[in-house]
Amino acid sequence: EEEEEEEERAAEFKGEYDVSFEFRFETAKLLLELDENTDEAIDVLEGLLEERDNVIDVWHLLALAHHGCCNFDRALELLAQAEELNERQGGNEAVSADLLDLRAAVEDSRAKWREGGGGGPR
């Protein structure tokens, strides 16, 4: 019985420090808005994807973060995943439009980066 009580207390303690998926998602958004914590935001978002890979907003925000870091090819890969997921989930038109807008911005940035001598393929 004593062992059982200890397990219950341990579970309660763990629960107090369990941070919700939504809270971590909003934290990643804030980190990106601060514009100096992109790596931390990417780490948080990648952790969220490992936990739940069926949330389009996480794919979208992670693609946006990689776009901000000039990781254009990675951003496009993530967008492709988000687009595929959106189709599997019924093809929300507003989501499709947002993803297409970000795809156009990433492709435009990548083209400008290459024209400006920004380096190799990104």
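## Salt-bridge network at Arg103

Glu83, Arg103 and Glu107 are joined in a network of salt bridges. This description concerns a predicted model. Arg103 lies in helix H6, and the side chains of Arg103 and Glu107 meet with an N to O distance of 3.7 Å. Because Arg103 and Glu107 are four residues apart in helix H6, about one helical turn separates them.

Arg103 is buried, because its relative accessible area of 18% falls under the 20% limit. Glu107, in contrast, is partly exposed at 37%. Apart from residues up to four places away in sequence, Arg103 touches Leu76, Leu79, Ala80 and Glu83.

## Other salt bridges

The whole structure contains nine salt bridges. One of them joins Arg52 to Glu22, with the closest N and O atoms 3.9 Å apart. This pair links distant parts of the chain: Arg52 is in the loop between helix H3 (38-51) and H4, whereas Glu22 is in helix H2 (residues 21-34), 30 residues apart. Arg52 is partly exposed, with 34% relative accessibility, and Glu22 is also partly exposed, with 48%. The charged end of Arg52 also sits over the ring of Phe21, at 4.0 Å from the ring centre.

Within helix H5, Glu77 and Arg74 are three residues apart and thus separated by about one helical turn. Their side chains form a salt bridge at 3.2 Å, N to O. Glu77 is partly exposed at 44% relative accessibility, and Arg74 is partly exposed at 34%.

## The aromatic pair

A pair of aromatic rings is described by the distance of the centres and the angle of the planes. The count for this structure is one aromatic pair. The ring centres of Phe72 and Trp113 are 6.0 Å apart and the planes stand at 70°, so the pair is edge-to-face; the angle is over the 60 degrees required for that class. The pair links distant parts of the chain, with Phe72 in helix H5 (residues 72-88) and Trp113 in helix H6 (residues 93-115), 41 residues apart.

## Surroundings of His67

His67 belongs to helix H4 (residues 56-68). With a relative accessible area of 16%, His67 is buried. The side chain of His67 makes a polar contact of 2.8 Å with the side chain of Ser109. Leaving aside neighbours within four places in sequence, the contacts of His67 are Phe72, Ala75, Leu102, Ala105, Val106 and Ser109.

Conventions:
Residues are numbered from 1 along each chain as its sequence is written. This is a predicted model: local features need pLDDT of at least 70, side-chain atom pairs count only at pLDDT 80 or more; totals for chains, interfaces and linings use all residues. Side-chain values use heavy atoms; hydrogens and water are left out. Helices (H or I, at least four residues) and strands (E, at least two) are DSSP runs, numbered from the N terminus. Buried means under 20% relative accessible area, exposed over 50%, partly exposed in between (1.4 Å probe, protein chains only). A polar contact is a pair of N or O atoms within 3.5 Å; within protein, one must be able to donate a hydrogen and the other to accept it, and residues adjacent in sequence count only if both atoms are side-chain atoms. Contact means heavy atoms within 4.5 Å. Rings of Phe, Tyr and Trp (its six-membered ring) pair if their centres lie within 6.5 Å; planes under 30 degrees apart count as stacked, over 60 as edge-to-face and the rest as tilted. A charge sits over a ring if NZ of Lys or CZ of Arg is within 6 Å of the ring centre and within 35 degrees of the ring normal. A salt bridge is a side-chain nitrogen of Lys or Arg within 4 Å of a carboxyl oxygen of Asp or Glu.
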